[in-house]
Amino acid sequence: MAINPNTDEIAKKVCKRERVFRDRSNPLDDLDDHDIIERYRLSRHMIFPIIGKVSDRLEHQTQRSHAIPPYLNVLIALRYFSKGGFYSEIADIHGVSKSSVCRAIHATTDALCATMGDFVFPTMPSTQKSTKESFFDIAGFPKVLGAIDCTLIPIMAPKRDEVAYVCRKGYHALNIQAVCDANMRFTNCVFKWPGSVHDSYIWNNSALGQYFEKKNIDGWLLGDSGYACRPWLLTPVLNPSWEGQEKYNRCHIKTRNTIERAFGLCKSRFRCLHKTTGVLQFTPERSWCVVRACFLLHNMCINERLPLPQDIELLRGEGTATELRCAADFATTSSGCDGLSARNQLILHKFT
């Protein structure tokens, strides 16, 4: 009996699963304001302007194959930013496939980074004056233009240069440098270094670091002991020996804690950045874009004074005293005397 060679191919076509287009009702029409903030971390009146900004970049030229509309792309990405987790869950909630969730996250992330502006560090005298006043109100520390630190964002092991991304805590991560103002708003960020790179190296090779190095800035940043003490970047006194140094340390720690709380607030609101929801399942390049988008959305929430949803708590800083002390010993021995002199003069004139 002759066998048709195309039998297997015909059978595959017959048994091929038909595409199913599930219901895609707009969640913004069905949820109240409380549920929207709980699910997407942004309020209704914040989501609509975002959709308007990115629609041109997300709109399909045709409606062929039941194309996903821009508003649904944005909601899918916001859901991933806020909860992290598995694509299958996000797909079921929004009536799409897992592959569509992946494409929506990538497209929306790129659109957000391209349309939401950039981080603005205070360089004008008027903005510097208001920034210094806001920081001074925290603990009486004068002439502060920002609090600086780095934070680790866990990612999956990359295929290239895998060892470079293993951080000091033993997992693969990105090391993100950020500066914030007194309201926990990010004013400068660096998204390009793997987890093994030291905080002080990132600062020394950043554009903001070069700006402070070359310009005569009337003010300074506050950093932890992982940085070298310089005239424009003040660190705590390691072993305070008298009341002035102890008072300086108390004010420094209370003021610099702003950046720790900013990281905690951002990771609490956008849980995809925190290790409790796993790791970012992207390449390092894509992961940097996701982190940047979340930081920009964090600033938007700060500007709108949006409170945290009631179902989450503010995460605390992840550094330990032992890690900071080890970094501090290295930073102190490698720095010049100019920063120590500026710090001592400040202590003598302002904290005694």
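## Burial of Trp-193

Trp-193 is buried, with a relative accessible area of 16% (buried is under 20%, exposed over 50%, partly exposed in between; 1.4 Å probe, protein chains only).

The model is predicted: local features need pLDDT of at least 70 and side-chain atom pairs 80 or more, while totals for chains, interfaces and linings use all residues. Residues are numbered from 1 along each chain as its sequence is written, and side-chain values use heavy atoms, without hydrogens or water.

## The sheet and its helices

Five strands make up an open sheet in the order 3-2-1-4-5, and their pairing is mixed (a pair of strands needs at least two DSSP bridges). Strand 3 (186-194) and strand 5 (233-234) are the edge strands; each has a single partner strand, so one side of each has no neighbour in the sheet. Helices (H or I, at least four residues) and strands (E, at least two) are DSSP runs numbered from the N terminus.

Strand 1 (residues 144-154) is joined to strand 4 (residues 220-222) by three bridges in the parallel sense. Within this pairing, Ala-147 has Leu-222 of strand 4 as its bridge partner. Helix 8 (residues 125-139) packs on the sheet, where it touches strand 1 and strand 2 (173-180), contact being heavy atoms within 4.5 Å. The direction of helix 8 makes about 75° with that of strand 1 (angles from 0 to 180 degrees between N-to-C directions of lines fitted to C-alpha atoms, for helices over the stretch in contact). Helix 12 (residues 284-303) also packs on the sheet, touching strand 1, strand 2 and strand 3. The angle between the directions of helix 12 and strand 3 is about 170°.

## Aromatic pairs

There are 15 aromatic pairs in the structure (ring centres of Phe, Tyr or Trp, six-membered ring, within 6.5 Å; planes under 30 degrees apart are stacked, over 60 edge-to-face, the rest tilted). One of them joins Phe-119 and Phe-191: the ring centres are 6.0 Å apart and the planes stand at 40°, so this pair is tilted. The two residues are 72 residues apart and belong to distant parts of the chain, Phe-119 to the loop between helix 7 (98-115) and helix 8, and Phe-191 to strand 3. Phe-119 is buried at 10% relative accessibility. Phe-191 is buried too, with a relative accessible area of 15%.

Trp-193 forms an edge-to-face pair with Tyr-201, with 5.4 Å between centres and 85° between the planes.

## Salt bridges

Side chains of opposite charge can pair when their charged atoms come close. The whole structure contains 12 salt bridges (side-chain nitrogen of Lys or Arg within 4 Å of a carboxyl oxygen of Asp or Glu). Among them is the bridge between Asp-33 and Arg-44, whose closest N and O atoms are 3.0 Å apart. Asp-33 lies in helix 3 (residues 33-40) and Arg-44 in helix 4 (residues 44-58), so the bridge ties together parts 11 residues apart in sequence. Both ends are partly exposed: Asp-33 has 48% relative accessibility, and Arg-44 has 23%.

Arg-286 and Asp-110 meet in a salt bridge with an N to O distance of 2.8 Å. This pair links distant parts of the chain, as Arg-286 is in helix 12 and Asp-110 in helix 7, 176 residues apart. Arg-286 is buried, with a relative accessible area of 19%, while Asp-110 is partly exposed at 35%. Another salt bridge runs from Arg-230 to Asp-338, the closest N and O atoms being 3.2 Å apart. Here Arg-230 sits in the loop between strand 4 and strand 5 and Asp-338 in helix 14 (residues 337-350), distant parts of the chain 108 residues apart. Arg-230 is partly exposed at 23% relative accessibility, and Asp-338 is partly exposed at 34%.

## Asn-73

Asn-73 is part of helix 5 (residues 70-83). This residue is buried, with a relative accessible area of 7%. Leaving aside residues up to four places away in sequence, Asn-73 touches Leu-58, Ile-68, Ala-104 and Thr-108.
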